[in-house]
Amino acid sequence: MTDLFLVYKNLTRKKMRLFLTCFAIFIAFLIFGAVSALKGALDSGVEMSADNRLVVINKINFTQPLPFSYVNKVKALDGVKNVTHANWFGGYYQEPSKQLMTMAVEGATYFKVYDELTIEPENYTNWMKNQTGLLIGERIAEQYGWKVGDKIPISSNIFSHKDGGHTWQFTIQGIFKPLDQKTDTSYVILHYKYFKETQTFGGTSVGWLILTTQSPSLNEQVAKAIDANFVNSAAETKTSTEKAFNKAFIEQIGNIGLIIYGVVFMAFFTILIVVGNTMVLAVRERTKEIAVFKTLGFSSMRIFKMILTESFLLSFIGGLLGMVGAYLVVGGVSKGLAGILPNLLIGPNTWAQAIGYMLLLGFVTGIIPAINALRLNIVSAFSRA
Amino acid sequence: MNSFLSQSFAVIRMNLLSLPRRLWMSLAMIIASAVVVTILLAFLAMARGFEVTLKGAGSDDIAMFLRDGSAAELNSVLSKSQVDLIENAPGIAKDKTGVILSSELYVIVDGIKKTSQTAANIPLRGTSQTGIKMRQDFKLIKGRLFNTGTTEMIVGAGILRQFDGFELGKTIRFGKNKWQVVGVFSTGGNVFESELWSDYRVIQNLYNRGSSVQSIRAKLVEAGDIKQIKEYIKNDPRLNIDVETEADYFSAQGKSLNYMAIFGKVISSIMALGALAGALNTMYTSVADRSREIATLRTIGFSNSSAFVGTLFESLTLSALGGLLGALGAFLLFDGMSTSTLGGSFTQVVFSFELSQDLIVQGMKMALGIGLVSGFFPAWRAARMPVLTAFRTE
């Protein structure tokens with residue numbers, strides 16, 4: 001009890017310094033938490049991909065179309081469980097700058113392939129019956145405050161409606177929800193058939209195919225079979241796992257992401273070093289006092305523990321406050337950014353890492369002065385002054 | 001006044017000379033402000049480099065036509081009859097062969113990025129001899145131009161820096177079609193260097209585009225003047241087309257990485273608060289360390305304002321050193337660094353970080369801001385320190 005009181009007294013002897021040191025640690029961890037959340041959000045597409053899901057794209061590039069006939073050809077191959085397809089609509093709501101991720105899909109198979117999404121059976125039936133029906137993801141529903149039955153216009157920056165203009169009218173027939181909250185639902189889907197019938201280019205091409213295999217162990221075999229099937233045709237394919245596809249997409253953003261993390265983490269550690277330096281000096285100032293403690297009969301071990309406790313306490317006060325701050329900031333902006341950056345949250349991994357760094361900071365800054373105190377010779381400490 | 005100056009100089013000199021005594025704390029402050037400046041400059045240089053790369057591509061005397069609402073070349077489609085109508089628009093320059101106009105296509109193909117060895121989007125632009133002539137900075141570095149009607153292409157210098165397999169003489173397969181690289185070109189570092197160019201008619205044919213194109217570029221009679229053309233488009237219901245100068249188009253595209261600059265400013269400002277806390281610690285320690293000195297000076301008649309100036313100057317010196325160090329660090333680490341990212345047209349834009357002077361000035365301002373705030377309060381304490389108590393502290 002008395003030891004803790006002494007630690008408390010030592011910590012608070014210079015209130016200004018305590019505040020400033022805590023504040024610097026607070027800032028370091030605030031940034032660490034927020035940037036880790038950002039990184040996690042960017043990587044979440046990769047993490048949430050299903051093991052047995054493959055994506056088939058045109059070999060030239062995924063923006064090039066595939067013939068519709070490929071859907072049935074792929075379905076006929078061994079090891080393929082379900083196949084569905086999607087077209088990029090280039091959607092936006094009201095203003096071209098308010099992009100809305102919109103895809104034209106085949107309703108009958110879409111939810112078989114994306115079985116981590118759920119929807120009320122009644123809503124689904126209604127959607128299947130309504131050509132101009134639209135299903136929206138839960139995140140979109142939250143972001144725009146849309147409800148089932150709402151009529152909304154969606155425009156395309158690529159396609160024109162054959163009645164003129166680039167805007168389609170849709171009725172929201174349902175909201176699909178994920179089984180796992182981290183699954184991205186910030187997009188809307190409409191009927192492929194309706195899309196093809198109402199846009200000016202016509203044609204029957206699809207954007208890309210998504211399929212599930214009977215088992216993840218068949219992935220490679222199925223992917224090879226698909227690509228071999230279309231080799232030397234007008235539209236050659238490239239089949240990859242959903243994970244690899246998402247990863248390649250993130251890589252497109254490039255090492256810019258890497259630079260951000262590099263720079264920010266460098267800063268994080270620099271702040272810790274600077275703060276650590278202050279903490280080491282703060283204990284060194286007290287050399288004489290420690291000699292007094294020893295003279296009074298405090299054991300070296302007891303002083304060693306007291307100094308370490310002090311540095312851990314300081315590191316954890318600042319660090320935990322910083323992480324709570326990051327939690328509040330991330331929580332505050334995640335709703336506004338749901339459209340661009342879904343899954344902005346501080347995961348358990350980040351918390352664990354943060355606690356690891358707090359322990360490290362507390363240990364590194366405490367251990368040198370603590371060992372010095374342990375070894376301190378009373379006589380030489382007094383004579384030094 | 002004179003004595004204030006000479007006193008201040010004396011105190012400043014003493015403060016600076018006593019710095020080695022507080023070596024670690026002083027270094028901590030220098031490093032903290034250096035890191036803040038490096039971070040700020042890294043992000044600003046990134047956004048600036050991207051913006052310059054796109055802005056540099058746009059010319060004021062070229063009008064650019066896209067389907068209305070499409071916002072980027074990739075999304076746009078224009079029919080042959082629309083192209084014919086635009087050819088008759090007023091305000092477009094002519095030479096011996098007719099109007100100076102280039103119909104272009106913009107399709108995306110895969111390239112393997114050197115850094116990640118994964119496929120990334122590169123634009124394959126269909127253009128023509130006229131189109132090439134319209135790019136004023138165009139220069140063939142190696143090889144020759146593509147021949148009309150063949151699957152030959154020329155490759156931008158930026159593509160060669162960031163992607164594998166596009167070297168001169170190589171044969172490239174996009175799906176079923178084989179292409180020959182017959183030349184390498186530069187456009188003075190702007191975004192066109194991140195592209196592959198070939199004959200637009202060949203691309204129309206191979207990519208089933210019929211006779212449609214995606215964008216039209218036309219040389220203006222008078223630079224920047226698109227009023228007549230706008231009027232012409234408005235009066236013809238067949239023309240659902242947006243027109244703007246190429247300069248405006250690219251400067252809008254160049255803004256798409258501005259969020260990086262904003263992100264950098266936000267994160268470095270937050271970090272500056274952390275650095276400020278560290279710097280205040282340093283300066284308070286410095287004042288405490290010199291308390292006897294200050295008291296002595298006051299006793300022999302130095303003014304308290306000279307103590308104030310001395311401390312403030314010390315802090316500004318440390319933070320300015322940090323700022324310079326940070327700018328140097330950013331310069332060595334990032335300036336000229338070539339990278340690529342997804343641009344507004346959904347394709348890779350190869351660009352270099354650009355640490356220009358005005359950005360360095362911004363960085364120095366931030367460092368001096370840290371120095372000013374972290375010096376002010378401790379300097380205040382130094383100036384008001386009661387002489388007696390200062391002597392009493394050992």
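Start by selecting T127(B) and E104(B): their side chains are joined by a polar contact of 2.9 Å. This is a predicted model, so treat every distance on the tour as computed from it. T127(B) sits in strand 5 of chain B, residues 119-127. Is T127(B) buried or exposed? It counts as buried because its relative accessible area is 0%. Now show what surrounds it. Leaving aside residues up to four places away in sequence, T127(B) touches S102(B), S103(B), E104(B), I132(B), R135(B), F146(B), W197(B), S198(B), D199(B) and Y200(B).

**Next stop: the partner of E104(B)**

E104(B) belongs to strand 4 (residues 101-113) of chain B, while R135(B) is in the loop between helix 4 (129-134) and strand 6 (139-143), so the pair ties together parts 31 residues apart in sequence. Both ends are tucked away: E104(B) is buried, with a relative accessible area of 0%, and R135(B) is buried too, at 6%.

**Follow the charges**

Select R217(B) and E246(B) now. They form a salt bridge whose closest N and O atoms are 2.7 Å apart. R217(B) is in strand 12 of chain B and E246(B) in helix 8 of chain B, so this pair ties together parts 29 residues apart in sequence. R217(B) counts as buried because its relative accessibility is 0%, and E246(B) is buried with 2%.

While you're at E246(B), color helix 8 of chain B, residues 246-254. Its buried residues are E246(B), Y249(B), F250(B), S251(B), Q253(B) and G254(B). What covers them? The cover includes helix 2 (23-55), strand 1 (62-67), strand 12 (215-219), strand 13 (241-245) and helix 9 (258-289) of chain B.

**Zoom out: the domains of chain B**

Color chain B by domain: domain 1 is 2-55 + 258-388, and domain 2 is 62-223. Their C-alpha centres are 47 Å apart. At the contact, 12 residues of domain 1 of chain B meet 19 residues of domain 2 of chain B. About 1200 Å² is buried between these two domains, 55% of it from carbon and sulfur atoms. How many salt bridges and polar pairs are there between domain 1 of chain B and domain 2 of chain B? The count is 0 salt bridges, but 9 residue pairs in polar contact. On the domain 1 side, helix 2, strand 14 (338-342) and strand 15 (348-352) of chain B each give two or more residues. That side has 4 nonpolar, 8 polar and no charged residues.

**Hop over to chain A**

Do the domain coloring again here, with domain 1 as 2-46 + 254-384 and domain 2 as 65-234 of chain A. The C-alpha centres of these two domains lie 48 Å apart. The contact takes 4 residues from domain 1 of chain A and 6 from domain 2 of chain A. Between them they bury about 550 Å², 55% of it on carbon and sulfur atoms. Across this interface, the rule finds 0 salt bridges and 0 residue pairs in polar contact.

Next, pick R53(A) and E242(A), whose side chains meet in a salt bridge at 3.0 Å, N to O. R53(A) is in strand 1 (residues 53-58) of chain A and E242(A) in helix 9 of chain A, 189 residues apart. Both R53(A) and E242(A) are buried.

**Last stop: where the chains meet**

Show both chains and select the contact, with 51 residues from chain A and 57 from chain B. Together the chains bury about 4400 Å², 67% of it on carbon and sulfur atoms. Highlight I60(A), Q252(A) and I256(A), which supply 15% of the area chain A buries against chain B, more than any other three residues. Between the chains there are 2 salt bridges; one of them joins K238(A) and D110(B) at 3.3 Å, N to O. The count of residue pairs in polar contact between the chains is 15. By class, the chain A side has 29 nonpolar, 16 polar and 6 charged residues.

Technical notes. Residues are numbered from 1 along each chain as its sequence is written. Chains are lettered from A and ligands numbered from 1 in the order in which they are written. This is a predicted model: local features need pLDDT of at least 70, side-chain atom pairs count only at pLDDT 80 or more; totals for chains, interfaces and linings use all residues. Side-chain values use heavy atoms; hydrogens and water are left out. Domain bounds come from an automatic or database domain assignment. Contact means heavy atoms within 4.5 Å. Buried area is the accessible area (1.4 Å probe) that two parts lose on being put together, summed over both. A salt bridge is a side-chain nitrogen of Lys or Arg within 4 Å of a carboxyl oxygen of Asp or Glu. A polar contact is a pair of N or O atoms within 3.5 Å; within protein, one must be able to donate a hydrogen and the other to accept it, and residues adjacent in sequence count only if both atoms are side-chain atoms. Buried means under 20% relative accessible area, exposed over 50%, partly exposed in between (1.4 Å probe, protein chains only). Helices (H or I, at least four residues) and strands (E, at least two) are DSSP runs, numbered from the N terminus. Ala, Val, Leu, Ile, Met, Phe, Trp, Tyr, Cys and Pro count as nonpolar, Asp, Glu, Lys and Arg as charged, and the others, Gly among them, as polar.
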